[in-house]
Amino acid sequence: MDPAVWSSLSPAEQEAALNGPAAEPPLGESQLDYPPNETTMAIAVTVVCLVLATLSAIVRIYSKVFSTKQFRIEDGLGLVAFGTFTGSIWAVFYLADLNMWFIHQWDLRLGVFIDGLYVSRLPHDAAVADAFIAPHPHPDFYAFTMLFAKTAIILDWLRIFVPPGTRNLFFWASWTVLIVNAIFYILGIFFLTMSCRPMDSQWRPLEVTGDCVDQEVRRQFEFSSAAINLALDLIIFALPQHTIWKLNMVPKMRIACSLAFSVGLIGCACAAGRLHSGQQLLGSTDRVYDSSAPILWVLAEMTCAFIVFAAPAVPKFFRQTASLTQLAHSLRSWSRIIGIRSRGSSRSNQSGSRSDPESGNYRRITAQPSLPVLPMPMPTLSSPSSLKTVPAEPRFEREGGKRTIATLNYQSS
């Protein structure tokens with residue numbers, strides 16, 4: 001609806017239009033109250049992606065700060081990418097709060113639909129209900145995230161696989177991909193930002209008159225960008241594999257190293273899923289519903305980028321945590337030893353405190369009932385010479401079932 005026509009409506013008419021469906025229902029009926037949707041599933045996927053990306057960032061930062069103790073430019077780019085990624089997470093939850101996940105466009109109120117324009121940047125024409133939803137939440141967040149994340153990944157791999165001062169095939173191929181990737185996403189950001197003038201006409205179509213790029217051009221751009229993005233992901237995945245299989249190491253080590261750098265295949269699969277599901281948007285008449293799957297594929301693709309970036313730091317992380325575990329065990333052992341010594345010292349102090357106050361050299365012994373001590377008769381010896389040692393032959397005697405040996409007898413004369 002044109003802003004001039006919208007402004008000519010009475011408040012009651014505007015209210016009725018905003019409470020009406022965002023698209024013409026195909027069967028003539030809309031389910032505006034409690035419409036079926038999959039918002040819970042979208043939230044669950046988003047939480048999983050956020051947890052995986054956060055763990056990857058923690059592993060990367062921890063290994064750099066505590067293991068190598070070197071924080072390089074690619075680590076800074078990774079942090080910036082994680083910041084813009086959290087912006088995408090916010091956009092997803094914003095749409096979830098509006099219940100705009102896997103919901104048919106004719107079951108969505110026009111007012112709610114317009115609220116979703118702010119984070120999804122929908123191009124529009126005179127018929128707002130026929131607008132096309134971009135297949136990712138807030139395309140600026142997505143473009144910046146992939147720009148910084150892929151640049152950080154390539155710079156990290158250059159530092160791993162290319163010795164200083166070397167200019168080999170991997171070096172030139174990596175820098176070529178890095179430059180092409182940067183140009184691609186920068187142009188994408190510029191196109192998405194400047195597709196409507198003034199810019200706020202993208203999310204205020206009923207209030208601001210804007211001049212926007214034709215919808216068909218926008219759709220073709222989105223689909224083409226998804227295809228180029230998949231091609232870049234495949235090239236970035238293949239870059240280290242050629243170098244790994246030329247390394248002078250045993251086959252088992254090559255396979256392990258290749259698998260460590262093959263995590264990017266998951267990201268390629270997510271990019272392919274986005275391309276396939278985005279293809280359905282080209283001729284879709286229910287674009288709110290059909291855009292939900294591409295958004296989740298995009299979210300998973302961004303998550304995989306962080307996992308790929310953190311993969312080389314995983315061994316250092318586990319070595320460092322193993323050292324910390326040993327240190328924790330040592331500290332526990334020392335604490336136990338110190339605790340035993342302190343308890344022994346306290347016991348000696350307590351026993352010393354029981355000494356007689358009138359004498360520092362003796363302790364007061366409390367009389368305890370004991371058995372009577374009977375005097376034992378001692379033999380009377382006339383002189384020391386009366387005790388003679390008489391050697392005797394060794395003999396065995398049995399006492400209590402045991403054999404004893406006696407070799408010496410004492411006799412008193």
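This is a predicted model: local features need pLDDT of at least 70, side-chain atom pairs count only at pLDDT 80 or more; totals for chains, interfaces and linings use all residues.
How much space lies in the largest cavity? I looked that up before anything else. The answer is about 160 Å³.

**Entry 1: the largest cavity**

I asked for cavities of 30 Å³ or more, and the count came to 6. For the largest cavity, I found 14 lining residues, with Ile 153, Asp 233, Ile 236, Gly 264 and Val 308 nearest its centre. I then checked which elements give two or more residues to this lining, and they are α6, α8, α10 (264–279) and α12 (292–310). Sorted by class, the lining of the largest cavity has 9 nonpolar, 2 polar and 3 charged residues.

**Entry 2: the second largest cavity**

Next I went to the second largest cavity, which holds about 130 Å³ of space. Its lining also gets a list: 14 residues, with Tyr 142, Tyr 185, Gly 188, Leu 192 and Ser 225 nearest the centre. Here the elements giving two or more residues are α6, α7 (169–193) and α8. Which element gives the most to this lining? I found that α7 does, with 5 residues. By class I noted 8 nonpolar, 4 polar and 2 charged residues in the lining of the second largest cavity.

**Entry 3: α6 beside α8**

Both names kept turning up, and I looked at how they pack. α6 and helix α8 (residues 215–244) have their axes 11 Å apart, at an angle of about 10°. An angle under 35 degrees counts as roughly parallel, which makes α6 roughly parallel to α8. On the α6 side of the contact I wrote down Tyr 142, Lys 150, Ile 153, Ile 154, Trp 157 and Phe 161. On the α8 side they meet Asn 229, Leu 232, Asp 233, Ile 236, Pro 240, Thr 243 and Ile 244.

**Entry 4: α6 beside α4**

How do α4 and α6 run, roughly parallel or roughly antiparallel? I read off an angle of about 155° for helix α4 (residues 73–97) and α6, with the axes 8 Å apart. Angles over 145 degrees count as roughly antiparallel, so α4 and α6 are roughly antiparallel to each other. The crossing of α4 past α6 is left-handed. I listed part of the contact: the α4 residues include Leu 77, Val 80, Phe 85 and Trp 90, and those of α6 include Phe 141, Phe 148, Leu 155 and Arg 159. This contact has 13 nonpolar, 6 polar and 3 charged residues.

**Entry 5: the largest pocket**

Last, I turned to the pockets. The largest pocket holds about 330 Å³ of space. It has 18 lining residues, and Asp 156, Ile 160, Pro 312, Ala 313 and Lys 316 are the closest to its centre. The elements giving two or more residues are α3 (39–68), α6 (139–161), α9 (251–260) and α13 (314–352). I noted that α3 gives the most, with 4 residues. The class tally for the pocket lining is 8 nonpolar, 3 polar and 7 charged. One link back: Asp 156, which is among the residues closest to the pocket centre, also belongs to the α6 side of the contact with α4.

Technical notes
Residues are numbered from 1 along each chain as its sequence is written. Side-chain values use heavy atoms; hydrogens and water are left out. On a 1 Å grid over the protein atoms alone, a cavity is a set of points where a 1.4 Å probe fits but cannot get out, and a pocket is an open set with protein on both sides within 12 Å along at least five of seven lines; lining residues have an atom within 4 Å of a point. Grid points are joined across faces, edges and corners, and a volume is the space filled by probe spheres set on the points. Ala, Val, Leu, Ile, Met, Phe, Trp, Tyr, Cys and Pro count as nonpolar, Asp, Glu, Lys and Arg as charged, and the others, Gly among them, as polar. Axes are lines fitted to C-alpha atoms, for helices over the stretch in contact, and angles run from 0 to 180 degrees between N-to-C directions. Angles under 35 degrees count as roughly parallel, over 145 as roughly antiparallel, 65 to 115 as roughly perpendicular and the rest as oblique. A crossing is left-handed if the near helix is turned anticlockwise from the far one by less than a right angle, and right-handed if clockwise. Contact means heavy atoms within 4.5 Å.
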